[in-house]
Amino acid sequence: MFVRVALDHPLPTLFDYRCATPDIAEGAVPGMLVSVPFGKRHVVGLICEVTAHSELPAERLKAVDNLCTACPPVSSHWLALAAFAADYYQRGLGEVALPALPQALRDASRWSRLFAPEERYRLTPEGRTALPDTLPARATALRKLAQALVDSDFLLAADARALHPKAVATLDTWQSAGWVALDVIEAASVPAAAASPDAPTPVLPTLTDEQTAAVEAIRGADGFAPFLLHGVTGSGKTEVYLRALAEILAAKPDAQALVLVPEINLTPQFEAAFRARFAALDGTAIVTLHSGLAEGERARHWFAAHTGRAHIVLGTRLAVLASLPQLAIIVVDEEHDPAYKQQEGLRYSARDLAIYRAKQLGVPVVLGSATPSLESWWQADQGRYKRLTLSRRAVADAVLPSVRLIDLEEERRRGRASFEGLSGPLIASLKARLERGEQSLVFLNRRGYAPQLACDACGWVAGCPRCSAYVVLHKPERALRCHHCGWEARIPRSCPECGNVDIAPMGRGTQRVEETLANAVPGARVLRIDADSTRRKGSAQALFSDVHAGEVDILVGTQMIAKGHDFQRVSLVGVLNADTALFSHDFRASERLFAQLMQVSGRAGRAGLPGEVLVQTRYPRHALYHALSRHDYVGFANATLAERRDAHLPPFVYQALLRAEGRTLEAALAFLQQAAAELAHIPAAARVTVYDAVPLTIVKVMHVHRAQLLIESASRAALQATLHAWQPLLRGLKGVLRWNLEVDPLDI
DNA sequence: GTGTCACTTTCC
DNA sequence: GAAAGTGACACC
């Protein structure tokens, strides 16, 4: 017998191996993990096929080292999902499937350690001797033991969760593997209610009519049903998710739900909400999956999902590839968020894969947003997604904030005082909130102290020696830092070109605004939240809880502060420096800006305080700000979609990018021109438009020069066919350090 | 001889 | 994409 194995390797093929022993030949099933020799190394791969024949000559075939019998195989649905993603995003199956598995399983040397009988044995006697006679008492003892096991290592934890009566099938697997002790099997007869005997009954808020209608629609879904839940901030989308999940889990006790959020920072509050609502489920039935988890924890959570013991999986984009054998509903919160697009390696869109997954399994998928992506909005216009609308804030008396545009030109013309870029009206409003004991939020999408450090005398600007970019001044660290490659240097005392000592920071970042606010609004407690102030694990959570606890008067930050957080006492939002996105060459910049401003505006006045948003701008009559001040997403979306249609831009065309990295820009461009010429050999490319190869905006990063070539088509099928035929031709081209294809790119 | 650089080939 | 293999050349 032979197995065909997917390996995490850029070659787009499967690799054949001999099953050297009868155990392996009989035990091998598609979806199982194997350890195999590959070149001089040994790697873990995923069995995709078990076959009696191999195309390869016998002498080239190597034998499987080891079969991972302890981990149940992933389902054929999961394999099909990975195959779809690989095909659509133009990668090898193994490049998709293996990185989606927990690291602990991808290291074969750890299998034996994790499964070692001594390890099991050392832990189980406790349970054996401690088990009391009466059933509930026994349940408690078992739960303690289970927790002890859960706190230990990965597969021991799986064993421990098999103590749970719902997991009899899993238990059978372990038992047949010969290592589940008798008393553990006994435990399987402990009643399920023992899991959480004294869970409080959650108090449910009354739903608005719109929320009720949304929940009804989702509950009534039959088979694949995509919903676009368009709800203004504060309209109670989360409550709709909670009710819909409760309905589905109640109807089918073994069902699993997948809930995606765009950012790690949002998982704690969601997890808390889900745990409070589903307190009757045992603690292990809700798990999180994101890159912030420790390796062992992530492996345990993944395994809980894989074996069906976790019923609610809450995670970031990577969770869309979790193994979920009983998946019954998917929720994608803030579906418009660009964070759902992976920006390195396999550049997948978690939202798009969520839709594929729902379609594949015939289950509902709910895309929630106050500002849906134009792609999703267009799908709803076409009737392919069912639109559900929450137009009012759910909390009584909470109204949408008033938006005021501060015309910076007029302020200047009239000679009104400003304070380091903060206009008079904004400072006055901040002071008024401080006096009233209310909180304010100042949003600025640029971290660091100043984006440039320049010399007045000769015009020198501090740049990165490795990249074609200016370095950003970071005052607390007294450093210049490149935001593209991480290069750092001390701040020079004088201009390295002309020796002038009057070198000055230009422009404003969050650090500088923080400093300015401390002077401009005396007595205010100012806190900054951005990628720099939250670098340490868990520090974001600590900072946010300071805000919730009322220990902060003014919160300054990047988009990080705009998302999700329900700050009860914020009544003012100030927006600085938004104009740059209005005239960007990226056609999606205005869509992103509008979503961000709507989102950050939504932070104001959630708990009944009258909310106000002040936007400092040089273009107060711009259509985007006009729509913003009327909270008119629909108007903005329809107008922008009309523009996109006229300009033949997504969602009316499908795009792909070929990126090349070379030692010189000329090499990268030459590669792309050759690549474009190859398209002439591809019949499907007749329906594809090819643009000129162009350098990236930041052309050089880490001494590597980058360029890209955009191709697009009104037909997704023609684009896909072209890419499939193109890739082998590209492999034949030389002269470049690296290249990659990105399907449905977000940034162009 | 051998170090190292640029480039090609192999990976079941 | 990484590692091993290849040939050319400089160096003592």
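Here is a walk through this structure, from the DNA strands to the pockets, cavities and ring pairs.

A few ground rules come first. This is a predicted model, where local features need pLDDT of at least 70, side-chain atom pairs count only at pLDDT 80 or more, and totals for chains, interfaces and linings use all residues. Residues are numbered from 1 along each chain as its sequence is written, chains are lettered from A and ligands numbered from 1 in the order in which they are written, and side-chain values use heavy atoms, with hydrogens and water left out.

Let's begin with DNA strand B. Around DNA strand B there are 13 residues, and Leu11, Phe15, Asp16, Arg60 and Lys62 come nearest; a residue is near a strand if one of its heavy atoms lies within 4 Å of it. Sugar or phosphate supplies 48% of the atoms of DNA strand B within 4 Å of the protein, and bases supply the rest. Some polar contacts can be picked out here (pairs of N or O atoms within 3.5 Å; within protein, one must be able to donate a hydrogen and the other to accept it, and residues adjacent in sequence count only if both atoms are side-chain atoms). A polar backbone atom of Asp16 is 2.6 Å from a sugar or linking oxygen of DNA strand B.

Helices (H or I, at least four residues) and strands (E, at least two) are DSSP runs, numbered from the N terminus. Sorted by class, the surface near DNA strand B has seven nonpolar, two polar and four charged residues. In this sorting, Ala, Val, Leu, Ile, Met, Phe, Trp, Tyr, Cys and Pro are nonpolar, Asp, Glu, Lys and Arg are charged, and the others, Gly among them, are polar.

Now for DNA strand C, which is surrounded by His9, Pro10 and Arg738. Of the atoms of DNA strand C that come within 4 Å of the protein, 18% belong to sugar and phosphate. His9 also makes a polar contact here: an N or O atom in the side chain of His9 is 2.4 Å from a base nitrogen of DNA strand C.

Next, the empty spaces. Rolling a probe the size of a water molecule over the atoms shows where empty space is left. On a 1 Å grid over the protein atoms alone, a cavity is a set of points where a 1.4 Å probe fits but cannot get out, and a pocket is an open set with protein on both sides within 12 Å along at least five of seven lines; lining residues have an atom within 4 Å of a point. Grid points are joined across faces, edges and corners, and a volume is the space filled by probe spheres set on the points.

The second largest pocket has a volume of about 1100 Å³. Its lining counts 43 residues, and Arg351, Asp352, Glu375, Arg716 and Asp744 are the closest to its centre. Among the elements giving two or more residues to that lining are helix H2 (76–88), helix H14 (350–361) and helix H20 (589–601). H14 provides the largest share, six residues. By class, this lining has 20 nonpolar, nine polar and 14 charged residues.

There are also four cavities of 30 Å³ or more, and the largest cavity holds about 90 Å³ of space. Its lining includes Val232, Thr233, Met598 and His631, and divides into five nonpolar, four polar and no charged residues.

Finally, the aromatic rings. The whole structure has 14 aromatic pairs. Rings of Phe, Tyr and Trp (its six-membered ring) pair if their centres lie within 6.5 Å; planes under 30 degrees apart count as stacked, over 60 as edge-to-face and the rest as tilted. Phe84 and Tyr88 are stacked, 5.7 Å centre to centre with 15° between the planes. Both lie in helix H2, four residues apart, about one turn of the helix. Ring pairs also link Phe84, Tyr88, Tyr89 and Tyr356 into a cluster.
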